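Me: Hi! Could you walk me through some charged pairs in this model, and then a helix and a domain?
Reply: Happy to, let's open it up.

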Amino acid sequence: MDLSYTAEEEEFRAAARAWLRAHVPPEPLPSLETAEGFAAHRVWEGRLAAGGWSAVSWPERYGGRDADLTRWLLFEEEYYAAGAPGRVSQNGVSLLAPTLFAYGTEEQRARVLPPMATGEVIWAQAWSEPEAGSDLASLTSRAVRTDGGWLLSGQKTWSSRAAFADRAFGIFRSDPGPAAEGRPHRGLTYLMFDLRAPGVTVRPVGRLDGRPAFAELFLDDVFVPDEDVVGEPGQGWRIAMSATGNERGLTLRSPGRFLAAADRLVRLWRERSEASAGVTADSALRDRVADAVIGARAYRLFTAAGAARLAEGADLGAESSLNKVFWSTFDLALHETALDLLGPEGESADSAWAEGYVFALAGPIYAGTNEIQRDIIAERLLGLPKGRR
Amino acid sequence: MRFLPTDEQRAFARSLDAMLTAAGTPGIVRAWAAGDPGPGRALWARLGAAGVFALAAPEAYEGVGPLPAELAHAFVESGRHAVPGPLVETVAATVLLAELGDPAKRLPGLVAGETVATLALDVCSPYALDADAADVVLAVTGDEVWLAPGHGEVRVSADPARRPAPPLPGGELLAAGPAVRAAARRARDWALLATAAQSLGVGLALLDRTVAYARQRTQFGAPIGSFQAVKHRLADTLLGLEFARPLLFGAALTCESGDLAAAKVATGEAAYAAARTALQIHGAVGYTDELDLSLWLRKARPLRDAWGTPSWCRARVLAGPTP
Ligand SMILES: Cc1cc2nc3c(=O)[nH]c(=O)nc-3n(C[C@H](O)[C@H](O)[C@H](O)COP(=O)(O)OP(=O)(O)OC[C@H]3O[C@@H](n4cnc5c(N)ncnc54)[C@H](O)[C@@H]3O)c2cc1C
């Protein structure tokens, strides 16, 4: 058992820290869920890429640093500790890129990854549909064969940041046969498409805080060339599911961001305790602040153990459901505690805490709801019998 | 960085597991609770021979330690098998006496598992656990350590296998001065670690037994484990335990006070939640002392509160460096 870093790892950390210290914008950028903020974040992604820090775990030839999981985790700790902006390229970097590494062609990687790293092309995920939420395999959007490619039609929804993004990836029903026979997971194809292609209509949808952060996509015979099919046609479900492990697991929500948030919470609590005897005396509130520290540490160490197992060739599989439920529940509790510390000021919607709180509210819903994750944990990790779905 | 148990640690835990399974701990626990420490003492000697207590003592006192990570593994097993007796207290006494240069010349016996010790630290509790079954009763008051002449009346605990009693005042003064405070702090740290490990073990045993029961008990024509309300509660139990585990082993590596306190809170709360879930899912049969489940059920709460209440531990977490 070992929690120490090698000299090379410490060097890597120091280099990241030095670069971030010199480049992180001194003032927070406007929210990336707004048009203005989206544009500002794009500029930031470009700067990050110019420094070679936008996708550290990728091979060097695509703009990465060949960093292993431990180095990536170190980088993330430094990134969030430095107060650097949230990543607008997250969907692409954490979902599409790993899928392309596993199932894409060399041509696709060379074409898609470099502009993803620089923020020139920002990706949206187009999986959910109005009638296909938790039961994603019931999706009905179609991909129909045509000369040199496919024609997409149907409706996607809740596509994060699609209101401002450039391209999207999604799964489509390319063969209705298996679904008609009661096997809806078959006959799906994973495709990439342009959000500005003819036939695409993007309708922004306001989030709980009114920001147009996600969108509905209406697709009407949108042409996609063959080179934008990821993996084999008909294999879309398996390909998509291999990426949900990333989405739920540690690459979507690295411990770094929670360590930084818990740190900020403790500072807030100390400030408030100094200012108000009521806060000092409130031991229930103090206990919740301590639980935020404990939770952030637990997540960091849990992830370290997972990284070590991955490095030894293990497949985390259903364990990523543990991650998902943990971080989403924890993130919300942490932000609720901050709002309680702020008291009446917590209501002010433009504070970073209030914005973080609204974002945290969605955590138990997206990336597979926590109810669905608990089913997975119970059935695959505990071996309990399947029930009715 | 390789934050996983080593092969040796795994093998050590497995061998203790096999030994404790073969020993049939439920009968031993019931005897201990009834005031018959004989079978428990016999098991104790075997744990000593397996090297469990040696992990807390340096070589100068015939130990092999300090090896806190190995100790944590051993104590997870002791919790999984509900081993009765002042195991944690003997470890704390070992650390205390070793720090003070073994003034009572008891360490070799403790390390070998031939001597059973218990202690009361005045800052934690006025009671020494299982003083009636121990050979050595220590009492730390202020900056003095006393070898107590015996113990007062045994109190009733929520866990019948725990038999707390106050040490009698007086006896032999073993050490005094500021070194005692430092030694007592170290002893308490090790007690926190060992208790946290025991809690995790108790929680794991409760979860295992409850999952097995939920697969086998049928109602409404289906195993109750196929109902989501049951499944989700068990999934949450696993979550609590699996995120407490790395805190325990992380704390064993750093031995920093805030980390130890964090591990104690997380394991204690997770095990207690596991107990609540285990009882609920077993239904009425869980609410009987005939079922062996009760041996673990009744441990979870006292362990959560022993050697540092959750609130005390949380305050200690915040007193340390931020995450
Ligand atoms: C902020 C945000 C961003 C998102 N971004 C994207 C994105 O970029 N791309 C994308 O494709 N999608 C995105 N989504 C959609 C997200 O993936 C879905 O919301 C999610 O899969 C749940 O589907 P649903 O909302 O239709 O809820 P439903 O599936 O209708 O579920 C409603 C409720 O019923 C429960 N439920 C459903 N089935 C079961 C069951 N079998 N057992 C127990 N409970 C059940 C659910 O847990 C939930 O509580 C986003 C959602 C949010 C909130």
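Me: Which residue does A:Asp228 form a salt bridge with?
Reply: That would be A:Arg167, and the closest N and O atoms are 3.0 Å apart. A:Asp228 sits in the loop between β7 (214-225) and β8 (229-230) of chain A, while A:Arg167 is in strand β4 (residues 167-173), so the pair ties together parts 61 residues apart in sequence. Keep in mind that this is a predicted model.

Me: Are those two buried or exposed?
Reply: A:Asp228 is buried, and A:Arg167 is too.

Me: OK, and how many salt bridges are there over all chains?
Reply: A search of the whole structure gives 46. Another one in chain A pairs A:Glu77 with A:Arg13, with 3.6 Å between the closest N and O atoms. Here A:Glu77 belongs to helix α3 (residues 69-81) and A:Arg13 to helix α1 (residues 7-23), so parts 64 residues apart in sequence are tied together.

Me: What are the relative accessible areas there? Start with A:Glu77.
Reply: A:Glu77 has 14%, and A:Arg13 has 13%. The cut-off for buried is under 20%, so both values qualify.

Me: What about chain B, which side chain does B:Asp135 meet in a salt bridge?
Reply: B:Arg41, at 3.1 Å from N to O. This one links distant parts of the chain: B:Asp135 is in the loop between β2 (128-129) and β3 (136-141) of chain B, and B:Arg41 is in helix α3 (residues 38-49) of chain B, 94 residues apart.

Me: How accessible is B:Asp135?
Reply: B:Asp135 is partly exposed at 41% relative accessibility. B:Arg41 is partly exposed as well, with a relative accessible area of 26%.

Me: Which residues do salt bridges with shared partners join into one network?
Reply: A:Glu10, A:Arg13, A:Arg17, A:Glu77, A:Glu78 and A:Arg300.

Me: Switching to helices: what span should α7 of chain B have?
Reply: Its 39 residues (178-216) should span 57 Å at 1.5 Å a residue, and the end C-alpha atoms are 58 Å apart, which agrees.

Me: And how many of the residues of α7(B) are buried?
Reply: 28 of the 39, so α7(B) is mostly covered.

Me: Last one: where does UniProt place the "Acyl-CoA oxidase/dehydrogenase middle" domain?
Reply: The unreviewed UniProt entry puts that domain at residues 124-222 of chain A. In the model, that span is 5% helix and 49% strand, and its end C-alpha atoms lie 16 Å apart.

Conventions: Residues are numbered from 1 along each chain as its sequence is written. Chains are lettered from A and ligands numbered from 1 in the order in which they are written. This is a predicted model: local features need pLDDT of at least 70, side-chain atom pairs count only at pLDDT 80 or more; totals for chains, interfaces and linings use all residues. Side-chain values use heavy atoms; hydrogens and water are left out. UniProt positions are given in the numbering used here, feature names are shortened, and annotations may be inferred rather than shown by experiment. Helices (H or I, at least four residues) and strands (E, at least two) are DSSP runs, numbered from the N terminus. The expected span of a helix is 1.5 Å times one less than its number of residues. Buried means under 20% relative accessible area, exposed over 50%, partly exposed in between (1.4 Å probe, protein chains only). A salt bridge is a side-chain nitrogen of Lys or Arg within 4 Å of a carboxyl oxygen of Asp or Glu.
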